[in-house]
Amino acid sequence: MKNLPNFKSELLLSFMDIGQKSALIYSQMSWYELATYTMEKSDGVFSKVHLHIGDVVTIHEEDSGECYAIIKGIFKYKGNDDKYYAFITIDWFNNINRIHNVLKCPLFRIQTSQDICWRRIFPILIIDHVQKVHFVYDTKIDLWIKNNYYFTAI
């Protein structure tokens, strides 16, 4: 994941997202397979978030609204203030505006490694909860199917 195009510039943008607005002087980082943290919502309620590499998450994007991504990496990076900050790398699901013939569910294509239209590195706090979204990969058509029929039994 460190070999992503624009890794350093996207990491700098992510530091700016959390209020760190100076050039990165360190290069100390560690990669992880999972992360767990607690978020406090605006109403004072706490929720625990568990993230794993390979999880599909919902991210609210300013221009597009609700978007989907798959977590490709979780890492911490040392900031200029000698504190470590957590980040994720993701691949976006691109809605191709087609519907599966049989399942009648939307079809998506995964962002390629060289596609630099969308940022891939974000502060981990962009994920404030894990929403259950399920995708199934169809090898015959090389696309992802969003499972609209998944539900949690009560």
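Colleague: Which residue does Asp-17 meet in a salt bridge?

Modeller: Arg-119. This is a predicted model, and in it the two side chains come to 2.8 Å, N to O.

Colleague: And where do Asp-17 and Arg-119 lie?

Modeller: Asp-17 is in helix H1, while Arg-119 is in the loop between S7 and strand S8 (121-123), so the pair ties together parts that are 102 residues apart in sequence.

Colleague: Are Asp-91 and Arg-120 buried or exposed?

Modeller: Both are buried.

Colleague: What about Lys-78, what does it pair with?

Modeller: Lys-78 forms a salt bridge with Asp-82, and there the closest N and O atoms are 3.6 Å apart. Lys-78 is buried, at a relative accessible area of 15%, whereas Asp-82 is partly exposed at 45%.

Colleague: OK, back to the helix. Where does Ser-14 sit, and what does it touch?

Modeller: Ser-14 belongs to helix H1, which covers residues 7-17. Setting aside residues up to four places away in sequence, Ser-14 touches Phe-87, Arg-119, Ile-121, Phe-122 and Pro-123. Arg-119 is also the salt-bridge partner of Asp-17.

Colleague: How accessible is Ser-14?

Modeller: Its relative accessible area is 0%, so Ser-14 is buried.

Colleague: Let's zoom out. How many helices and strands does the chain have?

Modeller: One helix and 10 strands. From the N terminus, the order is α-β-β-β-β-β-β-β-β-β-β.

Colleague: And what box do the C-alpha atoms fill?

Modeller: Roughly 55 × 40 × 30 Å, along the principal axes. The chain has 154 residues, and buried ones make up 36% of them.

Colleague: What share of the contacts join residues at least 24 apart?

Modeller: It's 54%, counted among contacts between residues at least 6 apart in sequence.

Colleague: Can you show me one of the spots where the strands meet? What is Lys-76 in contact with?

Modeller: Lys-76 lies in strand S5. Apart from neighbours within four places in sequence, its contacts are Gln-28, Met-29, Ser-30, Tyr-32, Tyr-84, Tyr-85 and Ala-86. Lys-76 counts as partly exposed, at 27% relative accessibility.

Colleague: So what else does Ala-86 contact?

Modeller: Besides Lys-76, Ala-86 is in contact with Phe-75, Pro-123 and Ile-124, again leaving out neighbours within four places. Ala-86 is in strand S6 and is partly exposed at 35% relative accessibility.

Colleague: How far is Lys-76 from Ile-124?

Modeller: Their C-alpha atoms are separated by 9.4 Å, and the two residues are 48 apart along the chain. For Ala-86 and His-52, which are 34 residues apart along the chain, the C-alpha separation is 13 Å.

Colleague: Switching to pockets. What volume does the largest pocket have, and which residues lie nearest its centre?

Modeller: The volume is about 420 Å³. Its lining comes to 19 residues, with Glu-61, Ser-64, Cys-67, Trp-92 and Trp-118 nearest the centre.

Colleague: Which elements give two or more residues to that lining?

Modeller: Strand S4 (56-61), strand S5 (65-78) and S6. S6 gives the most, with four residues.

Definitions and conventions:
Residues are numbered from 1 along each chain as its sequence is written. This is a predicted model: local features need pLDDT of at least 70, side-chain atom pairs count only at pLDDT 80 or more; totals for chains, interfaces and linings use all residues. Side-chain values use heavy atoms; hydrogens and water are left out. Buried means under 20% relative accessible area, exposed over 50%, partly exposed in between (1.4 Å probe, protein chains only). Contact means heavy atoms within 4.5 Å. On a 1 Å grid over the protein atoms alone, a cavity is a set of points where a 1.4 Å probe fits but cannot get out, and a pocket is an open set with protein on both sides within 12 Å along at least five of seven lines; lining residues have an atom within 4 Å of a point. Grid points are joined across faces, edges and corners, and a volume is the space filled by probe spheres set on the points. A salt bridge is a side-chain nitrogen of Lys or Arg within 4 Å of a carboxyl oxygen of Asp or Glu.
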